[in-house]
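This briefing covers backbone angles and side-chain surroundings at selected positions. Please read it alongside the sequence and structure shown here.

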Amino acid sequence: MDRACRDCHRIIEEGKTVCKCGSNSISRDWNGYVVIVDAEGSEIAKKMELKNEGRYALKVR
Ligand SMILES: [Zn+2]
């Protein structure tokens, strides 16, 4: 089961314990899944205030 960062919602790669944003607040309890391929041109990325491409969870508890 993948885990997600509570701070930036990024999906954490298998085996990593720290997110790329520097947070180690990581949860297995998350819902929804979004892949941002073009952060500048994506409406979802704008709504979620995502600045980088990647895989993100919509909700992280
Ligand atoms: Zn993060």
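H9 lies in the loop that joins β1 (3-5) and β2 (11-12); helices (H or I, at least four residues) and strands (E, at least two) are DSSP runs, numbered from the N terminus. This is a predicted model, in which local features need pLDDT of at least 70 and side-chain atom pairs count only at pLDDT 80 or more, while totals for chains, interfaces and linings use all residues. Residues are numbered from 1 along each chain as its sequence is written, and side-chain values use heavy atoms, with hydrogens and water left out.

**Positive phi**
- H9, a residue other than glycine, has a positive phi near 70 degrees.
- E49 is also not a glycine, and its phi is positive, near 55 degrees.
- Most residues other than glycine have a negative phi.
- The position of E49 is in the loop between α1 (43-47) and β6 (54-56).
- E49 counts as exposed because its relative accessibility is 63% (exposed is over 50%, buried under 20%, partly exposed in between, with a 1.4 Å probe and protein chains only).

**Surroundings of S27**
- S27 belongs to strand β3 (residues 26-27).
- With a relative accessible area of 3%, S27 is buried.
- The S27 side chain reaches the backbone nitrogen of D29 at 2.8 Å.
- A polar atom of the S27 side chain lies 2.9 Å from the backbone oxygen of R61.
- Leaving out residues up to four places away in sequence, S27 touches R3, A4, R6, V60 and R61 (contact means heavy atoms within 4.5 Å).

Methods. A polar contact is a pair of N or O atoms within 3.5 Å; within protein, one must be able to donate a hydrogen and the other to accept it, and residues adjacent in sequence count only if both atoms are side-chain atoms.
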